[in-house]
Amino acid sequence: MRIVSCLLRMIALATLLALQPGVASAQGADEAFTRLGADSFSDTNRAIELLIVNAHPQAAAIIEALAAGRLLAGGGAVVIKTTDGKILDARTGSALAAEPAGLAPVRLNNGVRRTIQGALGGLGLLNPDPAKRISAAEAVFKSRDVALLPVLEGAIAKETDAKAKAALRQAQAAILVAKSDAPPFDRIAAIDVLRERGDQDALATLRSLPGDSSPALKEAQGRAVSAIEGKLALWRAGQNLWYGLSLGSVLLLAAIGLAITFGVMGVINMAHGEMVMLGAYTTFIVQEIIRTRFPGLFDYSLLIAVPLAFMVAGLVGIAIERGVIRFLYGRPLETLLATWGISLILQQAVRTAFGPTNREVGAPNFMSGAFEIGQLAITWNRLWIIVFAGLVFAALLAILKLTPIGLQMRAVTQNRRMASAMGIRTGRVDALTFGLGSGVAGLAGVALSQIDNVSPNLGQSYIIDSFMVVVFGGVGNLWGTLISAMTLGVANKLLEPYAGAVLGKIALLVFIILFIQKRPRGLFALKGRAVEA
(Lines give C-alpha, C1' and ligand atoms only; values in the text may rest on other atoms or scores of the structure.)
Protein backbone atom coordinates (compact mmCIF):
# COMPACT_ATOMS: atom_id res chain seq x y z
CA MET A 1 0.00 0.00 0.00
CA ARG A 2 2.91 2.32 0.73
CA ILE A 3 4.24 1.74 -2.78
CA VAL A 4 0.85 2.53 -4.31
CA SER A 5 0.50 5.66 -2.18
CA CYS A 6 3.93 6.89 -3.24
CA LEU A 7 3.07 6.09 -6.85
CA LEU A 8 -0.11 8.12 -6.72
CA ARG A 9 1.90 11.08 -5.49
CA MET A 10 4.19 10.54 -8.46
CA ILE A 11 1.15 10.64 -10.74
CA ALA A 12 0.16 13.95 -9.22
CA LEU A 13 3.62 15.29 -9.89
CA ALA A 14 3.43 14.00 -13.44
CA THR A 15 0.18 15.89 -13.92
CA LEU A 16 1.86 19.13 -12.89
CA LEU A 17 4.77 18.38 -15.21
CA ALA A 18 2.37 17.72 -18.06
CA LEU A 19 1.06 21.26 -17.61
CA GLN A 20 4.60 22.60 -18.16
CA PRO A 21 6.02 21.24 -21.47
CA GLY A 22 9.74 20.64 -21.50
CA VAL A 23 10.10 19.84 -17.84
CA ALA A 24 10.12 16.04 -18.28
CA SER A 25 13.59 14.58 -17.97
CA ALA A 26 14.89 12.50 -20.87
CA GLN A 27 17.55 11.11 -18.58
CA GLY A 28 14.92 9.79 -16.16
CA ALA A 29 13.00 8.15 -19.02
CA ASP A 30 16.18 6.44 -20.25
CA GLU A 31 16.76 5.12 -16.75
CA ALA A 32 13.21 3.71 -16.73
CA PHE A 33 13.85 1.66 -19.88
CA THR A 34 17.18 0.45 -18.49
CA ARG A 35 15.46 -0.75 -15.33
CA LEU A 36 12.74 -2.52 -17.33
CA GLY A 37 15.44 -4.70 -18.86
CA ALA A 38 17.10 -5.47 -15.50
CA ASP A 39 14.76 -8.42 -14.73
CA SER A 40 14.19 -7.22 -11.17
CA PHE A 41 10.84 -6.59 -9.51
CA SER A 42 12.13 -3.58 -7.60
CA ASP A 43 13.64 -2.15 -10.80
CA THR A 44 10.32 -2.66 -12.58
CA ASN A 45 8.48 -0.78 -9.82
CA ARG A 46 11.00 2.03 -10.04
CA ALA A 47 10.71 2.11 -13.85
CA ILE A 48 6.94 2.62 -13.59
CA GLU A 49 7.47 5.53 -11.19
CA LEU A 50 10.05 7.11 -13.51
CA LEU A 51 7.79 6.82 -16.54
CA ILE A 52 5.03 8.61 -14.64
CA VAL A 53 7.22 11.27 -13.00
CA ASN A 54 8.78 12.17 -16.34
CA ALA A 55 5.35 12.24 -18.05
CA HIS A 56 6.56 9.92 -20.80
CA PRO A 57 4.05 9.98 -23.70
CA GLN A 58 4.12 6.18 -23.94
CA ALA A 59 3.69 5.60 -20.20
CA ALA A 60 0.08 4.40 -20.41
CA ALA A 61 0.75 2.06 -23.36
CA ILE A 62 3.84 0.61 -21.67
CA ILE A 63 2.12 -0.02 -18.33
CA GLU A 64 -0.94 -1.56 -20.02
CA ALA A 65 1.33 -3.87 -22.06
CA LEU A 66 3.23 -4.76 -18.89
CA ALA A 67 -0.02 -5.69 -17.14
CA ALA A 68 -1.06 -7.88 -20.11
CA GLY A 69 2.34 -9.62 -20.36
CA ARG A 70 3.06 -8.02 -23.75
CA LEU A 71 6.05 -5.89 -22.70
CA LEU A 72 9.30 -7.52 -23.80
CA ALA A 73 12.85 -6.45 -22.89
CA GLY A 74 16.39 -7.65 -23.51
CA GLY A 75 19.65 -6.56 -25.05
CA GLY A 76 18.91 -2.90 -24.30
CA ALA A 77 15.64 -2.98 -26.26
CA VAL A 78 12.15 -2.62 -24.83
CA VAL A 79 9.22 -3.37 -27.15
CA ILE A 80 5.45 -3.76 -26.98
CA LYS A 81 3.83 -6.74 -28.69
CA THR A 82 0.32 -5.82 -29.80
CA THR A 83 -2.65 -8.21 -29.74
CA ASP A 84 -2.38 -8.64 -33.52
CA GLY A 85 1.32 -9.58 -33.34
CA LYS A 86 2.95 -6.28 -34.32
CA ILE A 87 6.15 -5.14 -32.59
CA LEU A 88 6.31 -1.49 -31.43
CA ASP A 89 9.25 0.42 -30.02
CA ALA A 90 8.22 1.19 -26.41
CA ARG A 91 10.11 4.49 -26.43
CA THR A 92 8.41 5.99 -29.48
CA GLY A 93 5.43 3.76 -30.26
CA SER A 94 6.64 3.28 -33.85
CA ALA A 95 6.42 -0.13 -35.53
CA LEU A 96 9.55 -2.26 -35.94
CA ALA A 97 10.23 -4.34 -39.01
CA ALA A 98 11.32 -7.36 -36.97
CA GLU A 99 11.46 -8.47 -33.37
CA PRO A 100 14.95 -7.88 -31.85
CA ALA A 101 16.75 -10.96 -30.65
CA GLY A 102 17.06 -11.91 -27.00
CA LEU A 103 13.72 -10.50 -25.80
CA ALA A 104 11.74 -11.93 -22.91
CA PRO A 105 8.54 -10.78 -21.16
CA VAL A 106 9.10 -8.44 -18.21
CA ARG A 107 8.22 -10.51 -15.15
CA LEU A 108 5.51 -9.57 -12.64
CA ASN A 109 4.75 -10.34 -9.02
CA ASN A 110 1.93 -9.22 -6.75
CA GLY A 111 3.80 -6.08 -5.69
CA VAL A 112 4.34 -5.01 -9.31
CA ARG A 113 0.71 -5.78 -10.12
CA ARG A 114 -0.46 -3.50 -7.30
CA THR A 115 1.82 -0.78 -8.59
CA ILE A 116 0.44 -1.25 -12.11
CA GLN A 117 -3.15 -1.10 -10.85
CA GLY A 118 -2.55 2.19 -9.04
CA ALA A 119 -0.69 3.62 -12.01
CA LEU A 120 -3.39 2.74 -14.54
CA GLY A 121 -6.09 4.25 -12.31
CA GLY A 122 -4.27 7.57 -12.15
CA LEU A 123 -3.08 7.58 -15.77
CA GLY A 124 -6.65 7.07 -16.96
CA LEU A 125 -7.36 10.61 -15.81
CA LEU A 126 -4.70 11.84 -18.24
CA ASN A 127 -5.69 9.62 -21.18
CA PRO A 128 -5.99 11.46 -24.53
CA ASP A 129 -9.41 9.86 -25.12
CA PRO A 130 -12.18 11.86 -23.33
CA ALA A 131 -14.31 8.71 -22.97
CA LYS A 132 -11.51 6.95 -21.09
CA ARG A 133 -10.97 10.01 -18.90
CA ILE A 134 -14.68 9.99 -18.02
CA SER A 135 -14.51 6.26 -17.25
CA ALA A 136 -11.47 6.79 -15.02
CA ALA A 137 -13.21 9.69 -13.25
CA GLU A 138 -16.23 7.45 -12.57
CA ALA A 139 -13.93 4.84 -11.08
CA VAL A 140 -12.35 7.47 -8.83
CA PHE A 141 -15.83 8.74 -7.87
CA LYS A 142 -16.71 5.27 -6.57
CA SER A 143 -13.35 4.59 -4.89
CA ARG A 144 -13.00 8.10 -3.34
CA ASP A 145 -9.23 7.60 -3.04
CA VAL A 146 -7.83 10.67 -1.28
CA ALA A 147 -4.38 10.03 -2.76
CA LEU A 148 -5.77 10.81 -6.24
CA LEU A 149 -6.96 14.29 -5.25
CA PRO A 150 -3.81 16.07 -6.57
CA VAL A 151 -4.16 14.16 -9.84
CA LEU A 152 -7.76 15.29 -10.17
CA GLU A 153 -6.86 18.91 -9.51
CA GLY A 154 -4.19 18.85 -12.19
CA ALA A 155 -6.45 17.06 -14.67
CA ILE A 156 -9.30 19.53 -14.08
CA ALA A 157 -6.91 22.45 -14.72
CA LYS A 158 -5.98 21.15 -18.17
CA GLU A 159 -9.32 19.55 -19.18
CA THR A 160 -11.02 21.03 -22.26
CA ASP A 161 -13.88 18.55 -22.79
CA ALA A 162 -17.03 19.71 -20.95
CA LYS A 163 -18.34 16.22 -20.11
CA ALA A 164 -14.96 14.99 -18.96
CA LYS A 165 -14.45 18.10 -16.85
CA ALA A 166 -17.84 17.59 -15.17
CA ALA A 167 -16.96 13.96 -14.42
CA LEU A 168 -13.59 15.02 -12.95
CA ARG A 169 -15.25 17.65 -10.76
CA GLN A 170 -17.76 15.10 -9.51
CA ALA A 171 -14.95 12.68 -8.62
CA GLN A 172 -13.16 15.49 -6.81
CA ALA A 173 -16.37 16.38 -4.95
CA ALA A 174 -16.88 12.78 -3.84
CA ILE A 175 -13.42 12.82 -2.23
CA LEU A 176 -13.77 16.27 -0.65
CA VAL A 177 -17.15 15.52 0.97
CA ALA A 178 -15.62 12.74 3.06
CA LYS A 179 -12.29 14.52 3.66
CA SER A 180 -12.65 15.87 7.20
CA ASP A 181 -9.58 18.13 6.99
CA ALA A 182 -10.68 19.83 3.76
CA PRO A 183 -11.73 23.51 4.02
CA PRO A 184 -15.47 23.80 4.90
CA PHE A 185 -16.11 26.06 1.89
CA ASP A 186 -14.66 23.41 -0.47
CA ARG A 187 -16.79 20.69 1.12
CA ILE A 188 -19.98 22.76 0.76
CA ALA A 189 -19.09 23.44 -2.88
CA ALA A 190 -18.54 19.69 -3.33
CA ILE A 191 -22.03 19.02 -1.92
CA ASP A 192 -23.44 21.40 -4.53
CA VAL A 193 -21.61 19.50 -7.29
CA LEU A 194 -23.07 16.20 -6.07
CA ARG A 195 -26.51 17.77 -5.85
CA GLU A 196 -26.23 18.83 -9.48
CA ARG A 197 -25.22 15.28 -10.47
CA GLY A 198 -28.40 14.05 -8.77
CA ASP A 199 -28.17 10.26 -9.21
CA GLN A 200 -28.22 7.35 -6.78
CA ASP A 201 -24.42 7.32 -6.46
CA ALA A 202 -24.39 10.99 -5.52
CA LEU A 203 -27.11 10.35 -2.94
CA ALA A 204 -25.12 7.49 -1.39
CA THR A 205 -21.99 9.67 -1.28
CA LEU A 206 -23.84 12.49 0.46
CA ARG A 207 -25.29 10.11 3.04
CA SER A 208 -21.77 8.95 3.90
CA LEU A 209 -20.93 12.38 5.33
CA PRO A 210 -19.37 11.85 8.80
CA GLY A 211 -21.75 12.31 11.72
CA ASP A 212 -19.47 14.81 13.46
CA SER A 213 -19.63 17.29 10.56
CA SER A 214 -20.39 20.94 11.23
CA PRO A 215 -23.99 22.21 11.30
CA ALA A 216 -23.42 24.15 8.08
CA LEU A 217 -22.31 20.98 6.29
CA LYS A 218 -25.23 18.98 7.65
CA GLU A 219 -27.66 21.67 6.55
CA ALA A 220 -26.17 21.70 3.04
CA GLN A 221 -26.26 17.91 3.03
CA GLY A 222 -29.94 17.86 4.03
CA ARG A 223 -30.91 20.28 1.27
CA ALA A 224 -28.96 18.32 -1.33
CA VAL A 225 -30.37 14.95 -0.22
CA SER A 226 -33.95 16.30 -0.36
CA ALA A 227 -33.38 17.77 -3.82
CA ILE A 228 -31.87 14.56 -5.17
CA GLU A 229 -34.63 12.39 -3.68
CA GLY A 230 -37.25 14.59 -5.33
CA LYS A 231 -35.45 14.42 -8.66
CA LEU A 232 -35.05 10.65 -8.43
CA ALA A 233 -38.76 10.28 -7.61
CA LEU A 234 -39.61 12.12 -10.84
CA TRP A 235 -37.20 9.95 -12.82
CA ARG A 236 -38.75 6.82 -11.30
CA ALA A 237 -42.18 8.05 -12.33
CA GLY A 238 -40.82 8.66 -15.83
CA GLN A 239 -39.32 5.17 -15.89
CA ASN A 240 -42.67 3.67 -14.85
CA LEU A 241 -44.37 5.72 -17.55
CA TRP A 242 -41.95 4.28 -20.11
CA TYR A 243 -42.61 0.76 -18.83
CA GLY A 244 -46.34 1.51 -19.09
CA LEU A 245 -46.06 2.63 -22.71
CA SER A 246 -44.01 -0.47 -23.45
CA LEU A 247 -46.62 -2.71 -21.81
CA GLY A 248 -49.38 -0.80 -23.61
CA SER A 249 -47.76 -1.47 -26.99
CA VAL A 250 -47.63 -5.18 -26.18
CA LEU A 251 -51.30 -5.16 -25.15
CA LEU A 252 -52.17 -3.26 -28.32
CA LEU A 253 -50.48 -5.87 -30.51
CA ALA A 254 -52.17 -8.71 -28.64
CA ALA A 255 -55.64 -7.11 -28.57
CA ILE A 256 -56.00 -5.26 -31.83
CA GLY A 257 -56.68 -8.43 -33.85
CA LEU A 258 -59.24 -9.50 -31.27
CA ALA A 259 -60.90 -6.09 -31.51
CA ILE A 260 -61.43 -6.62 -35.25
CA THR A 261 -62.90 -10.13 -35.02
CA PHE A 262 -64.99 -9.38 -31.95
CA GLY A 263 -66.28 -6.16 -33.49
CA VAL A 264 -67.24 -7.57 -36.89
CA MET A 265 -68.32 -11.08 -35.95
CA GLY A 266 -69.28 -10.83 -32.30
CA VAL A 267 -67.23 -13.98 -31.66
CA ILE A 268 -65.56 -14.52 -28.28
CA ASN A 269 -62.42 -16.21 -29.61
CA MET A 270 -60.65 -17.98 -26.74
CA ALA A 271 -58.07 -19.31 -29.23
CA HIS A 272 -56.78 -15.81 -30.01
CA GLY A 273 -53.83 -16.26 -27.65
CA GLU A 274 -52.79 -19.36 -29.59
CA MET A 275 -52.53 -17.25 -32.75
CA VAL A 276 -49.99 -15.17 -30.84
CA MET A 277 -48.20 -18.39 -29.89
CA LEU A 278 -48.10 -19.56 -33.51
CA GLY A 279 -46.47 -16.27 -34.53
CA ALA A 280 -43.80 -16.72 -31.86
CA TYR A 281 -43.06 -20.31 -32.93
CA THR A 282 -42.91 -19.24 -36.57
CA THR A 283 -40.20 -16.78 -35.53
CA PHE A 284 -38.37 -19.59 -33.72
CA ILE A 285 -38.49 -21.85 -36.81
CA VAL A 286 -37.23 -19.04 -39.07
CA GLN A 287 -34.31 -18.36 -36.75
CA GLU A 288 -33.44 -22.06 -36.50
CA ILE A 289 -33.29 -22.35 -40.30
CA ILE A 290 -31.19 -19.19 -40.56
CA ARG A 291 -28.82 -20.32 -37.78
CA THR A 292 -28.11 -23.64 -39.48
CA ARG A 293 -28.09 -22.62 -43.14
CA PHE A 294 -27.74 -18.86 -43.53
CA PRO A 295 -26.08 -17.47 -40.35
CA GLY A 296 -25.17 -14.23 -42.09
CA LEU A 297 -28.87 -13.36 -42.36
CA PHE A 298 -29.61 -13.58 -38.63
CA ASP A 299 -30.03 -9.81 -38.22
CA TYR A 300 -32.81 -10.01 -40.83
CA SER A 301 -34.58 -12.97 -39.19
CA LEU A 302 -37.39 -10.89 -37.68
CA LEU A 303 -38.02 -9.10 -40.98
CA ILE A 304 -38.37 -12.51 -42.64
CA ALA A 305 -40.52 -13.85 -39.80
CA VAL A 306 -43.05 -10.98 -39.88
CA PRO A 307 -44.83 -11.87 -43.16
CA LEU A 308 -44.51 -15.62 -42.50
CA ALA A 309 -46.04 -15.30 -39.01
CA PHE A 310 -48.90 -13.24 -40.46
CA MET A 311 -49.56 -15.87 -43.13
CA VAL A 312 -49.36 -18.88 -40.79
CA ALA A 313 -51.62 -17.40 -38.11
CA GLY A 314 -53.98 -15.92 -40.72
CA LEU A 315 -54.43 -19.22 -42.57
CA VAL A 316 -55.03 -21.09 -39.31
CA GLY A 317 -57.58 -18.41 -38.36
CA ILE A 318 -59.42 -18.79 -41.68
CA ALA A 319 -59.46 -22.58 -41.25
CA ILE A 320 -60.95 -22.21 -37.76
CA GLU A 321 -63.64 -19.84 -38.99
CA ARG A 322 -64.58 -21.95 -42.01
CA GLY A 323 -64.38 -25.25 -40.17
CA VAL A 324 -66.00 -24.45 -36.83
CA ILE A 325 -67.13 -20.92 -36.07
CA ARG A 326 -69.37 -20.34 -39.11
CA PHE A 327 -71.68 -23.04 -37.83
CA LEU A 328 -72.02 -21.36 -34.44
CA TYR A 329 -72.95 -17.76 -35.25
CA GLY A 330 -75.59 -16.44 -32.89
CA ARG A 331 -74.64 -18.99 -30.22
CA PRO A 332 -72.02 -17.20 -28.12
CA LEU A 333 -71.71 -19.81 -25.38
CA GLU A 334 -71.08 -22.63 -27.87
CA THR A 335 -68.59 -20.41 -29.73
CA LEU A 336 -66.70 -19.68 -26.52
CA LEU A 337 -66.51 -23.38 -25.62
CA ALA A 338 -65.50 -24.39 -29.16
CA THR A 339 -62.68 -21.86 -29.40
CA TRP A 340 -61.49 -22.79 -25.92
CA GLY A 341 -61.29 -26.41 -27.08
CA ILE A 342 -59.40 -25.30 -30.20
CA SER A 343 -56.93 -23.43 -28.01
CA LEU A 344 -56.24 -26.61 -26.00
CA ILE A 345 -55.76 -28.59 -29.22
CA LEU A 346 -53.30 -26.03 -30.59
CA GLN A 347 -51.36 -25.93 -27.33
CA GLN A 348 -51.04 -29.72 -27.24
CA ALA A 349 -50.06 -29.83 -30.93
CA VAL A 350 -47.24 -27.39 -30.27
CA ARG A 351 -46.14 -29.36 -27.18
CA THR A 352 -46.00 -32.51 -29.27
CA ALA A 353 -44.04 -30.86 -32.07
CA PHE A 354 -41.64 -28.68 -30.08
CA GLY A 355 -41.78 -29.99 -26.52
CA PRO A 356 -43.09 -28.26 -23.38
CA THR A 357 -39.92 -26.32 -22.58
CA ASN A 358 -39.21 -22.72 -23.53
CA ARG A 359 -37.56 -22.11 -26.88
CA GLU A 360 -34.82 -19.56 -27.44
CA VAL A 361 -35.47 -16.74 -29.88
CA GLY A 362 -32.47 -14.46 -30.30
CA ALA A 363 -32.44 -10.70 -30.69
CA PRO A 364 -30.83 -9.11 -33.77
CA ASN A 365 -28.06 -6.61 -33.13
CA PHE A 366 -30.31 -3.62 -33.74
CA MET A 367 -32.63 -4.79 -30.93
CA SER A 368 -29.90 -5.58 -28.41
CA GLY A 369 -28.62 -3.37 -25.62
CA ALA A 370 -29.95 -0.19 -24.10
CA PHE A 371 -29.23 3.51 -23.77
CA GLU A 372 -29.95 6.12 -21.13
CA ILE A 373 -31.74 9.46 -21.21
CA GLY A 374 -30.98 11.08 -17.89
CA GLN A 375 -31.95 8.45 -15.34
CA LEU A 376 -34.20 6.59 -17.81
CA ALA A 377 -32.98 3.20 -19.09
CA ILE A 378 -34.39 2.57 -22.58
CA THR A 379 -33.93 -0.91 -24.03
CA TRP A 380 -33.80 -1.16 -27.79
CA ASN A 381 -36.11 -4.19 -28.00
CA ARG A 382 -38.92 -2.38 -26.15
CA LEU A 383 -38.43 0.74 -28.24
CA TRP A 384 -38.65 -1.22 -31.49
CA ILE A 385 -41.77 -3.04 -30.27
CA ILE A 386 -43.45 0.34 -29.66
CA VAL A 387 -42.49 1.42 -33.18
CA PHE A 388 -43.70 -1.91 -34.59
CA ALA A 389 -47.04 -1.60 -32.77
CA GLY A 390 -47.48 1.88 -34.24
CA LEU A 391 -46.77 0.59 -37.75
CA VAL A 392 -49.24 -2.30 -37.37
CA PHE A 393 -51.89 0.09 -36.07
CA ALA A 394 -51.35 2.49 -39.01
CA ALA A 395 -51.48 -0.41 -41.49
CA LEU A 396 -54.79 -1.65 -40.06
CA LEU A 397 -56.26 1.84 -40.22
CA ALA A 398 -55.21 2.08 -43.84
CA ILE A 399 -56.77 -1.31 -44.63
CA LEU A 400 -60.07 -0.40 -42.98
CA LYS A 401 -60.27 3.10 -44.47
CA LEU A 402 -58.71 2.75 -47.93
CA THR A 403 -59.48 -0.74 -49.24
CA PRO A 404 -62.71 -2.39 -50.48
CA ILE A 405 -62.46 -5.21 -47.94
CA GLY A 406 -62.04 -2.60 -45.21
CA LEU A 407 -65.18 -0.83 -46.34
CA GLN A 408 -67.08 -4.13 -46.31
CA MET A 409 -65.79 -4.95 -42.82
CA ARG A 410 -67.01 -1.62 -41.51
CA ALA A 411 -70.37 -2.13 -43.18
CA VAL A 412 -70.80 -5.58 -41.61
CA THR A 413 -69.70 -4.20 -38.24
CA GLN A 414 -72.32 -1.47 -38.31
CA ASN A 415 -75.26 -3.49 -39.70
CA ARG A 416 -74.80 -7.06 -40.88
CA ARG A 417 -78.33 -7.47 -42.33
CA MET A 418 -78.19 -4.25 -44.30
CA ALA A 419 -74.72 -5.12 -45.63
CA SER A 420 -75.99 -8.52 -46.76
CA ALA A 421 -79.00 -6.88 -48.40
CA MET A 422 -76.62 -4.58 -50.32
CA GLY A 423 -74.87 -7.58 -51.86
CA ILE A 424 -71.88 -7.93 -49.53
CA ARG A 425 -70.93 -11.58 -49.02
CA THR A 426 -70.87 -11.52 -45.23
CA GLY A 427 -69.53 -15.07 -44.99
CA ARG A 428 -66.48 -14.14 -47.05
CA VAL A 429 -66.02 -10.97 -44.99
CA ASP A 430 -66.21 -13.02 -41.79
CA ALA A 431 -63.51 -15.43 -43.02
CA LEU A 432 -61.18 -12.64 -44.15
CA THR A 433 -61.81 -10.68 -40.97
CA PHE A 434 -60.99 -13.67 -38.79
CA GLY A 435 -57.88 -14.31 -40.89
CA LEU A 436 -56.81 -10.67 -40.60
CA GLY A 437 -57.32 -10.61 -36.84
CA SER A 438 -55.45 -13.89 -36.43
CA GLY A 439 -52.64 -12.68 -38.70
CA VAL A 440 -52.20 -9.55 -36.57
CA ALA A 441 -52.04 -11.81 -33.51
CA GLY A 442 -49.24 -13.67 -35.28
CA LEU A 443 -47.39 -10.36 -35.67
CA ALA A 444 -47.82 -9.85 -31.93
CA GLY A 445 -46.13 -13.22 -31.43
CA VAL A 446 -43.08 -12.04 -33.39
CA ALA A 447 -42.75 -9.03 -31.11
CA LEU A 448 -43.44 -10.97 -27.91
CA SER A 449 -40.76 -13.52 -28.79
CA GLN A 450 -38.23 -10.77 -28.02
CA ILE A 451 -39.43 -10.04 -24.48
CA ASP A 452 -41.21 -13.18 -23.26
CA ASN A 453 -40.66 -16.93 -23.12
CA VAL A 454 -41.67 -18.78 -26.29
CA SER A 455 -43.67 -21.70 -24.93
CA PRO A 456 -47.04 -23.40 -25.58
CA ASN A 457 -48.57 -21.25 -22.84
CA LEU A 458 -47.42 -17.91 -24.29
CA GLY A 459 -50.85 -16.84 -25.52
CA GLN A 460 -52.61 -17.59 -22.23
CA SER A 461 -50.67 -14.80 -20.55
CA TYR A 462 -52.32 -12.17 -22.76
CA ILE A 463 -55.82 -13.40 -23.61
CA ILE A 464 -57.55 -11.97 -20.50
CA ASP A 465 -55.72 -8.65 -20.79
CA SER A 466 -56.67 -8.52 -24.47
CA PHE A 467 -60.38 -8.89 -23.68
CA MET A 468 -60.06 -6.20 -21.00
CA VAL A 469 -58.51 -3.83 -23.55
CA VAL A 470 -61.22 -4.53 -26.15
CA VAL A 471 -64.12 -4.15 -23.72
CA PHE A 472 -62.73 -0.98 -22.15
CA GLY A 473 -61.88 0.68 -25.47
CA GLY A 474 -65.05 -0.18 -27.32
CA VAL A 475 -65.74 -3.27 -29.41
CA GLY A 476 -64.47 -2.95 -32.97
CA ASN A 477 -62.98 0.53 -32.56
CA LEU A 478 -59.25 0.68 -33.32
CA TRP A 479 -58.71 4.09 -31.75
CA GLY A 480 -60.51 2.93 -28.65
CA THR A 481 -58.26 -0.14 -28.54
CA LEU A 482 -55.15 2.05 -28.83
CA ILE A 483 -56.21 4.41 -26.04
CA SER A 484 -57.41 1.54 -23.87
CA ALA A 485 -54.15 -0.45 -24.26
CA MET A 486 -51.96 2.54 -23.43
CA THR A 487 -54.19 3.61 -20.53
CA LEU A 488 -54.24 0.17 -18.94
CA GLY A 489 -50.52 -0.36 -19.54
CA VAL A 490 -49.51 2.94 -17.93
CA ALA A 491 -52.02 2.58 -15.07
CA ASN A 492 -50.75 -0.93 -14.35
CA LYS A 493 -47.11 0.17 -14.10
CA LEU A 494 -47.92 3.26 -12.05
CA LEU A 495 -49.94 1.17 -9.57
CA GLU A 496 -47.34 -1.58 -9.18
CA PRO A 497 -44.90 0.31 -6.91
CA TYR A 498 -47.72 1.08 -4.45
CA ALA A 499 -50.10 -1.89 -4.67
CA GLY A 500 -47.94 -4.64 -6.13
CA ALA A 501 -48.41 -6.47 -9.44
CA VAL A 502 -51.35 -8.66 -8.34
CA LEU A 503 -53.33 -6.03 -6.44
CA GLY A 504 -52.68 -3.55 -9.25
CA LYS A 505 -54.30 -5.89 -11.79
CA ILE A 506 -57.21 -6.53 -9.44
CA ALA A 507 -57.74 -2.78 -9.00
CA LEU A 508 -57.81 -2.30 -12.78
CA LEU A 509 -60.25 -5.16 -13.21
CA VAL A 510 -62.59 -3.67 -10.59
CA PHE A 511 -62.29 -0.29 -12.31
CA ILE A 512 -63.23 -1.77 -15.70
CA ILE A 513 -66.21 -3.62 -14.19
CA LEU A 514 -67.48 -0.40 -12.64
CA PHE A 515 -66.78 1.51 -15.84
CA ILE A 516 -68.77 -0.79 -18.11
CA GLN A 517 -71.70 -0.52 -15.71
CA LYS A 518 -71.89 3.13 -16.78
CA ARG A 519 -70.71 2.68 -20.38
CA PRO A 520 -71.49 -0.88 -21.47
CA ARG A 521 -70.10 -0.28 -24.96
CA GLY A 522 -66.74 1.08 -23.83
CA LEU A 523 -64.95 4.36 -24.35
CA PHE A 524 -65.75 4.64 -28.08
CA ALA A 525 -68.93 2.80 -29.02
CA LEU A 526 -69.64 2.09 -32.68
CA LYS A 527 -72.93 3.33 -34.06
CA GLY A 528 -75.23 0.88 -35.77
CA ARG A 529 -74.89 -2.40 -33.92
CA ALA A 530 -77.61 -1.44 -31.44
CA VAL A 531 -80.07 -1.36 -34.34
CA GLU A 532 -79.54 -5.08 -34.89
CA ALA A 533 -80.12 -5.83 -31.24
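The largest nonpolar core has 67 residues, and Leu253, Leu396 and Leu478 have the most contacts inside it. A nonpolar core here is a set of buried Ala, Val, Leu, Ile, Met, Phe, Trp, Tyr and Cys residues joined through side-chain atoms within 4.5 Å. This is a predicted model: local features need pLDDT of at least 70, side-chain atom pairs count only at pLDDT 80 or more, and totals for chains, interfaces and linings use all residues. Residues are numbered from 1 along each chain as its sequence is written, and side-chain values use heavy atoms, with hydrogens and water left out.

- Leaving aside neighbours within four places in sequence, Leu396 is in contact (heavy atoms within 4.5 Å) with Ile256, Ile260, Leu436, Val440 and Leu478.
- Another core, of 33 residues, lies apart from the largest one and includes Leu149, Val151, Leu168 and Ala190.

**Chain overview**
- The protein chain has 22 helices and six strands; helices (H or I, at least four residues) and strands (E, at least two) are DSSP runs, numbered from the N terminus.
- Of its 533 residues, 45% count as buried, meaning under 20% relative accessible area, against over 50% for exposed and in between for partly exposed (1.4 Å probe, protein chains only).
- Of the contacts in the protein chain with a separation of 6 or more, 70% are between residues 24 or more positions apart.

**Helix H14**
- H14 (residues 332-354) has 23 residues, which at 1.5 Å a residue should span 33 Å, and its end C-alpha atoms are 33 Å apart, in agreement; the expected span is 1.5 Å times one less than the number of residues.
- Its buried residues are Thr335, Thr339, Ile342, Ser343, Leu346, Gln347, Val350 and Phe354.
- These buried residues pack against H12 (272-293), H13 (301-323) and H19.

**Largest pocket**
- The largest pocket has a volume of about 400 Å³. A pocket is an open set of points on a 1 Å grid over the protein atoms alone, where a 1.4 Å probe fits, with protein on both sides within 12 Å along at least five of seven lines; lining residues have an atom within 4 Å of a point.
- Its lining has 20 residues, and Leu247, Leu251, Asp465, Asn492 and Lys505 are the closest to the pocket centre.
- H11 (215-265), H19 (460-473), H20 (478-499) and H21 (501-518) each give two or more lining residues, with the largest share, six residues, coming from H19.
- The lining divides into 14 nonpolar, two polar and four charged residues.
- For that division, Ala, Val, Leu, Ile, Met, Phe, Trp, Tyr, Cys and Pro count as nonpolar, Asp, Glu, Lys and Arg as charged, and the others, Gly among them, as polar.

Methods:
Points joined across faces, edges and corners; volume = space filled by probe spheres on them.
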